[in-house]
Amino acid sequence: MAKILIIGEHDGKTLNPSTHKCVTCAKGIPDAAISVLLLGADTAVVAAQAAAIQGVTEVVRVDRPENAHPLAATFAPQVAAVASGYTHLFGPSTSFGKDLTPRVAALLGVPQVSDLMAVEGAHRFRRPIYAGNAIVTVDADPARLLVATVRVASFEAAPIGGSATIVSRSLDLALPTHTRYVGAHSGSTDRPDLQTAKRVVSGGRALASAENFKILFALADKIGAAVGASRAAVDAGYAPNELQVGQTGKIIAPEVYMAFGISGAIQHLTGIKDARTIVAVNKDPEAPIFEVADLGLVADLFQVVPEMTRLLGG
Amino acid sequence: MKKIMVCIKRVVDYNVRVRVKPDESGVMLEGVKMSVNPFDEIALEEALRIKERGTNAEVVAVSIGVADTQQQLRTALAMGADRAILVQTDHPVEPLTAAQTLLAVAKKESPDLILLGKQAIDDDANQTAQMLAALWDRPQATYVSKLAVDGAKATATREVDAGLETIEIDLPAVVSVDLRLNEPRYVKLPDIMKAKKKPLDVIGLDSLGVAASTWLKPVKTVAPPQRQKGIMVKDVTELVDVLKNKGLL
């Protein structure tokens, strides 16, 4: 029987949907008991949320003041300590999980499988390589603890309705102090989260300025969409880094992705290929984005975006 | 800051469109242009800037791979690294093996800072920096877009899902770099000539006491499913109508 431990992601108030998606991935492994591990200063609220995910049998809380901010250096030894006794350890392939999980794997002396996109068996998985231009199936050693990150865009969130047991663990571990949290800055607003939004409106270098990005925000607000950006637009300073979509930005799977003035470099397409419907608006009829778009319109985005916003008004 | 170690990976060039082999045993690498992993180039540029800012730190470029990886290390030397070390092996090197190997080199070299790319653009694993930091029992700062070294400490700004996060780390430490940290310099012809005279040591993986383990066995490699080309609409009104009819707006 598989015993799977999922590293839960949260901000102390809300459990990140990446955790629900890891649970769905874990459910793909036959005959699995699924636990969620939460580290924080006070995880009472998020533990209750994790316990309500269908399929989770146990929630493990490790509360201590040093866990107020998720630093890989302090989290990793604690996760490694809890992970012994499990057959699988999953973290989300978010910036939190990608930072932490390999550090845990190395402490445990085991390899990691990054970005699981499909489960074919307890130790056989598919994952993308070369910016998604190839998909490799890998076998991991069943005699070792299997450590992996889960490509969250490949899985639906597990539904609510369960009632898992919540246990608190205190770990007798001295934690390193060589890594210290200083602060955080977010350029975003209270718009829907890019990684979980059903609709995404995204802009490229053709927007030409941060000021011009406002027309995308207006459209996004009209239809309740999140806003994304290409690497070129972020590099140029038109949009903050957390909006970047692509191989090195966020990998997303919304119901509809609308790309305005994005040419469609392969590194960008790898971030959107799981979108159910891709809409492309570009002045250049030869733009590669049209090769993958379900709906294309050759036009000037500066006319299209305000017109769409107007048509959708009222 | 006396010494900075920069880890370099030889990968298929950024501009090559990779294709899988018909027998599904991997991707086609024969005759394909190979380059320094672009993220590692950014790491090297940062090391050179720290050196040029007055620390005068020695910059040591380290790679693991086949004999031809010397080409990428020569590129690193031409960019400005002082010397290079190739840990030569013909085996595929997985991130854990890479981290164990780099740890062995770090123990010999005792650098104050190890810089490397946040991921390699071939396997996209995004593991080596974190694993190296764990094995070395030192701080890690991943996805760094701004780095300020100050004596025995460094302040790193990290690109995370929510925006930017700043952490302070004690040195020595491992830093994995993101795209916006800097823009790597171009190599000039005289630098390429000069690089030929710089030291490049080649050592065997076995000499470091590291075994090239195959931890994960590839079963098959296939092309991703292709999206079908869709339809073109003539104007905004039609676009909105289609989206509404599909229930997407």
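Across the interface of chain B and chain A of this predicted model, 6 salt bridges are found (side-chain nitrogen of Lys or Arg within 4 Å of a carboxyl oxygen of Asp or Glu). One salt bridge joins the side chains of R180(A) and D170(B), at 2.7 Å from N to O. In this predicted model, local features need pLDDT of at least 70 and side-chain atom pairs pLDDT 80 or more, while totals for chains, interfaces and linings use all residues. Residues are numbered from 1 along each chain as its sequence is written, chains are lettered from A and ligands numbered from 1 in the order in which they are written, and side-chain values use heavy atoms, without hydrogens and water.

The interface brings 74 residues of chain B into contact with 85 residues of chain A (heavy atoms within 4.5 Å). About 6,700 Å² is buried between the chains, 56% of it on carbon and sulfur atoms (accessible area, 1.4 Å probe, lost on being put together, summed over both parts).

Helix α4 of chain A (residues 95–108) packs on helix α4 of chain B (residues 128–136). The angle is about 45° and the axes are 8 Å apart (lines fitted to C-alpha atoms over the stretch in contact, angles from 0 to 180 degrees between N-to-C directions; helices are DSSP runs of H or I, at least four residues). The contact includes P102(A) and M131(B).

Technical notes:
Helix = DSSP H or I, 4+ residues; strand = E, 2+ residues; numbered from the N terminus. Buried area = accessible area lost by both parts, 1.4 Å probe.
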